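The sequence and structure come first.

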Amino acid sequence: MADYILALDQGTTSSRAILFDRQGRIVGMAQQEFPQIYPRAGWVEHDPEAIWNTQRDCALQVLNQAGVAATNVAAIGITNQRETTVVWNRETGAPIHNAIVWQCRRTASICDDLRKQKFDRIIRRDTGLVTDAYFSGTKLAWLLDNVRGARKQAKAGNLAFGTIDTWLINRLSGGKAHVTDVSNASRTMLYNIRKERWEKAILDKLDIPDSVLPEVRSSSEVYAETDPGLFGAAIPIAGIAGDQQAALFGQACYKPGMMKNTYGTGCFLLMNTGEQATVSKTGLLTTVAWRAGEQTEYALEGSVFIAGAAVQWLRDGLGIIATAPETEGMATSVSDNHGVYFVPAFVGLGAPYWDQEARGAIVGLTRGATRAHIARAALEAMAYQTRDVVECMQKDSGIKAKELRVDGGATRNDFLCQFQADLLGIPVVRPVITETTALGAAYLAGLAVGFWKNRNEISRQWQVEKRFEPKMKKSERERLYQGWLEAVSRVKSN
Ligand code: ADP
């Protein structure tokens, strides 16, 4: 049996390939950035060929560097930037247009129209999503409407639609496979997450012929083999999950109530809700976590728009720090927040406030406040916003979380992790392998080909690097959180 699993992690700014061994350790990694294309304000595109080329090159590079032959790779797992939309010609394999990236706002008015027609209720009920330009559905409709002849070609069965996983597998398989997994399908706004099928009512509404759609498969099974010419031998492609779902899997959050938070530019929180597709009353998204085995499992998802980005702003906007890591020493150099709260509502407020017009503020300033307090407040803001979302998840799911597993660049900051534990009153757990997204894709692929036996084996393998126990008194925790809620109330637009 082969010794390695290869994870392809196709992100928004770069493609990466990571090789894992049987213990789930990283053996090699390669990464390549590719260009961001901004044709107009608010529009974002990627060249699908650049995505494919960088992803293929990284895979080749990591195998070469590690001196691992394709025959020694048991399977490939794929994880990807979600929602980004590609349409290509089935015959030639050539894209008909650049990929429309998840961040792109060009279809906002289509979404406004859907809301006006109250169609957003149907979308909410069937897909678990809010009606937003973020998701693939209206991006696909836009391509069919705006690329000359596209809708006619689509109706004739000549075009294929895919999210990035689908696009990569099509190329990896030499044009043979046209598949996606349930986790990616659940982000298209076209997929009924309970009935587990493309939703005809939504397809009809957006005039999308079902001939363009990929086949939806589980997140852990052999979908295809790579073209033998690519890596020197055929490798089974055996795992797919969208990046956040892959991270939840890579954090071994396999039981209902287990959750992970990724602290990067923003925060992405997901809570496993088991076989229950929980309807949110607080504006969180309901999404498919994965299907790996008999049952489809679901998750609640909430995001914080500005997290680490507030620290970047201290560095690049205010210029009161030189590097992000130095905020840790600054934060611990003062004994408390001195009443200073930083609400980084630079682009409005997400769950549970949903206020697009809100803007940021630093409140509670007195003569005694220093830049250390402001740095501390920026770190604390990540934790407060995370608590806001965790409260929503607990309310929606009726599950009390026992711990929070964390990853992402900002979790290198011990002050942040400890403060997060204090503020939630539950342990915050940082794993040894923080490449949880790639690891999740590797696990899904490895399980499908018997490289790993089952999730128990993986759970045992998943290792804690550091566990932050809550130390703060409950009264203090609630007093601080109350201060945050008051600060938020001052920036709200209504
Ligand atoms: P992304 O994938 O969103 O680009 P990363 O996971 O690479 O983000 O994390 C980078 C973010 O984390 C940046 O916004 C940066 O300001 C923040 N960050 C990185 N290191 C630290 C640190 N030690 N303390 C606080 N914030 C940090």
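The sections below cover the basis of the model, the ligand site, a helix pair and the backbone.

## Basis

The model is predicted: local features need pLDDT of at least 70, side-chain atom pairs count only at pLDDT 80 or more, and totals for chains, interfaces and linings use all residues. Residues are numbered from 1 along each chain as its sequence is written, and side-chain values use heavy atoms, with hydrogens and water left out.

## Ligand site

The ligand is surrounded by 14 residues, of which Thr265, Gly308, Gln312, Gly409 and Asn413 are the closest (a residue is near if one of its heavy atoms lies within 4 Å). By class, this shell has 6 nonpolar, 8 polar and no charged residues. Ala, Val, Leu, Ile, Met, Phe, Trp, Tyr, Cys and Pro count as nonpolar, Asp, Glu, Lys and Arg as charged, and the others, Gly among them, as polar. Helix H11 (residues 308-318) gives the most to the shell, with 4 residues; helices (H or I, at least four residues) and strands (E, at least two) are DSSP runs, numbered from the N terminus.

An oxygen atom of the ligand lies 2.8 Å from a backbone N or O atom of Gly409. For a backbone N or O atom of Gly308, the distance to a ligand oxygen atom is 3.0 Å. In Gln312, a side-chain N or O atom is 3.2 Å from an oxygen atom of the ligand. The protein covers 70% of the 580 Å² of accessible area that the ligand has on its own (Shrake-Rupley method, 1.4 Å probe).

## Helices H14 and H17

The axes of H14 (residues 414-424) and H17 (residues 474-491) come within 8 Å and cross at roughly 100°; axes are lines fitted to C-alpha atoms over the stretch in contact, with angles from 0 to 180 degrees between N-to-C directions. The two helices, H14 and H17, are therefore roughly perpendicular (65 to 115 degrees).

Phe419, Asp422, Leu423 and Leu424 of H14 meet Arg477, Leu480 and Tyr481 of H17 (heavy atoms within 4.5 Å). The residues of this contact comprise 5 nonpolar, no polar and 2 charged.

## Backbone

Ala351 and Pro352 are joined by a cis peptide bond, with omega about -5°. Pro352 sits in the loop between strands S19 (341-343) and S20 (361-363).

Methods:
A polar contact is a pair of N or O atoms within 3.5 Å; within protein, one must be able to donate a hydrogen and the other to accept it, and residues adjacent in sequence count only if both atoms are side-chain atoms. Angles under 35 degrees count as roughly parallel, over 145 as roughly antiparallel, 65 to 115 as roughly perpendicular and the rest as oblique.
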